[in-house]
Amino acid sequence: MRKKILTVDDSKTVRIIVRKAFKAFDCDIFEAGNGVEGLAVAAKELPDLILLDITMPVMDGVETLTKLKSDPHLKGIPVMMLTAEGGKDHVLKIAKIGVRDYIVKPFKEDTLIDKANRIIELKPLADGPGRARSILDPAEILVVDDKPAIVQQIREGLKHTPWKINGVSSQLDAAEFCSRQVPDLVIASLALPEDGAYAFLRVIRTNLKTKYTPMFALVVKTETEAQHRAQEAGFNFVVTKPIDVADLESRMAKAMNLDMSGRYYTVDDDLLVLRLPENCTQAGITEAAQHLQAKLAETVDAGYNQAILDIGAIKALDVGVIKLLMQAMEACRELAMHFALVANAQLIAECKGYEDTRGWTFYETLEDAKANLGKRAAKAAPVLAGT
Amino acid sequence: MPAAAEISECLIRENISRAVADVFKTMMGRSAILSVAHAAERGEAPGTSVDQVIGTVGFIGDLNGLVYLYLDEGFANQCTGQILGLNAFELAAAGAEVVNDAIGELTNMVVGSFKNALCDAGYPCKLTIPSILRARNFCIQSTRRAEHRSYRFTCGSHRLVADIIIKSGD
């Protein structure tokens, strides 16, 4: 269940900082600008935690806290003071009324999260409900390697993705990066000085914000002992050099739990398009096949009955591609969907050479395929008698 | 308990210097370094001729006082953007009210840290609610019974001034 946190502060700035700090967690933030509003929201929402300022107009934090603690329905709600009032005597006096913790401003967001997590268990947002992230969504990737050529190779190899590759050269820079923003995935070189990758792994796993962030180790293919040690230490995956970027991309997408179907399937002008990308590997073909039935079913469910199977971008025909197309055509027939095939001249010629594919009709462009499907749909439409 | 006149300039300087540095470091990751400290002269305008955003927070108790924090408008906007994680376009869309609130809170934190150190030194007092002034060539003048001191800080290429008026409680 989502946690509820109420921030009571007359400063909109503090309320925005609180909202920002908890953004990555599965919780709802409620706001109040003074004690009176705070008590009203607390009574209505029964939050799991209240963050309370002291110096506020209308009703200050001390009076608000006293009223909360004297209300049988509200007195059990844990309160954490978040205030610039921090003299020792003052803190002791307020602690006696009953607070779970006390943060004196200025404060770091990490401190706030850490202390809140000791009172209510916070869950990162990825564990909660919401739309699954797709391969087409942006992601922040942090690469920690003191060799700029490696960072550049990863950046170049993944430039077709919407992911931003942030390169840093040391464990300290990486920690500084993570203090500013939570990366979606980290790749760290095991060759960093003084076991920097392992030290950074510990930092990542002990920080509440990053403890679930996937972290890959990067090591030379022949260093098997180092690979074994990295797996034991808890790296999610070990990437070996020389890097197979296509495989790395697929591993990264899986580690980030991304919905991969967007790479192969789009809905274009009310029809489903299955398009194999230029650099499609066997793993990619398998991935496309895994989503096939669900995507066709979604299309039919949405009221459409046309599909285009486009292999025009790939360079050579192989058994995997042929099997996928056969599977797709069979599924379309079962669902009474119209479909058309698109390929380039070379692939069309290759198809003529195989018994199973010789009779297939291809179009050379998506537009031609769409036009043909349009004609077929018009023919299939029932003709109404004129009145 | 010593009276306000007996509070050493050293205590005030150290506390305000630590408070400004701590708040800027924690909230924005920036270094603010004390460059000039002096007794404020009558009629002296600590601000510059460009538009300024001036945050004010008082403290009342065994010591009474007011702290004015002067920031050039451009610097105030930059600080607000950093504190709230807004870029220049988002900040422009948010408007001056957001900057006022952020500088008010920044001043509240600075004066809170300053005042808490005074509390721990044996001068219990409480904070007042922040307010904001927008002006050019703005200067404050104190009554004869109050200490008035001015502290200039540099923060990168920017300058900010903490003007402090302080007197013992009645």
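Mentor: K295(A) is buried, with a relative accessible area of 16%; buried means under 20% relative accessible area, exposed over 50%, and partly exposed in between, with a 1.4 Å probe and protein chains only. This is a predicted model, in which local features need pLDDT of at least 70 and side-chain atom pairs count only at pLDDT 80 or more, while totals for chains, interfaces and linings use all residues. Residues are numbered from 1 along each chain as its sequence is written, chains are lettered from A and ligands numbered from 1 in the order in which they are written, and side-chain values use heavy atoms, with hydrogens and water left out.

K295(A) belongs to helix α11 (residues 282-301) of chain A; helices (H or I, at least four residues) and strands (E, at least two) are DSSP runs, numbered from the N terminus. If residues up to four places away in sequence are not counted, K295(A) touches S261(A), Y265(A) and L272(A), where contact means heavy atoms within 4.5 Å.

From this lysine we can turn to the charged pairs. Side chains of opposite charge can pair when their charged atoms come close. Over all chains the structure holds 31 salt bridges, each being a side-chain nitrogen of Lys or Arg within 4 Å of a carboxyl oxygen of Asp or Glu. One of them joins K315(A) to E278(A), with the closest N and O atoms 3.2 Å apart. Because K315(A) lies in the loop between β13 (306-310) and α12 (319-334) of chain A, and E278(A) in the loop between β12 (271-275) and α11 of chain A, this pair ties together parts that are 37 residues apart in sequence. K315(A) is exposed, with a relative accessible area of 56%.

Another salt bridge in chain A is the one in which the side chains of K147(A) and D146(A) meet at 3.3 Å, N to O. Here K147(A) is partly exposed, at a relative accessible area of 35%, and D146(A) is also partly exposed, at 33%.

In chain B, the side chains of R136(B) and D51(B) form a salt bridge at 2.7 Å, N to O. That pair links distant parts of the chain, with R136(B) in the loop between β5 (131-135) and β6 (147-155) of chain B and D51(B) in the loop between β1 (33-39) and β2 (52-61) of chain B, 85 residues apart. R136(B) is exposed, with a relative accessible area of 52%, whereas D51(B), at 36% relative accessibility, counts as partly exposed. Salt bridges that share partners also join D9(A), D53(A), K105(A) and E105(B) into one network.

The nonpolar cores come next. The largest nonpolar core has 66 residues, and those with the most contacts inside it are F22(A), L112(A) and F24(B); such a core is a set of buried Ala, Val, Leu, Ile, Met, Phe, Trp, Tyr and Cys residues joined through side-chain atoms within 4.5 Å. Helix α4 (residues 96-120) of chain B gives the most to this core, with 10 residues. Leaving aside neighbours within four places in sequence, L112(A) is in contact with several residues, including V18(A), F22(A), L51(A) and F107(A). Apart from this core lies another, of 31 residues, among them I311(A), C332(A), F339(A) and A343(A).

As for the strands of chain A, β1 (residues 3-8) and β2 (residues 27-32) run parallel and are joined by 6 bridges; two strands pair if DSSP finds at least two bridges between them. Within this pairing, T7(A) stands opposite E31(A) in β2(A). The chain passes from β1(A) through helix α1 (residues 12-21) of chain A to β2(A) in a right-handed β-α-β crossover, right-handed meaning that, with the strands pointing away from the viewer, the path from the first strand over the helix to the second runs clockwise. β1(A) also pairs in the parallel sense with strand β3 (residues 49-52) of chain A, over 4 bridges, and there L6(A) has I50(A) as its bridge partner.

Finally, the backbone deserves a look. A cis peptide bond, with omega of about 5 degrees, joins K105(A) and P106(A), and P106(A) is found in the loop between β5 (101-104) and α5 (109-119) of chain A. E194(A), although not a glycine, has a positive phi of about 50 degrees; E194(A) is exposed, with a relative accessible area of 79%.
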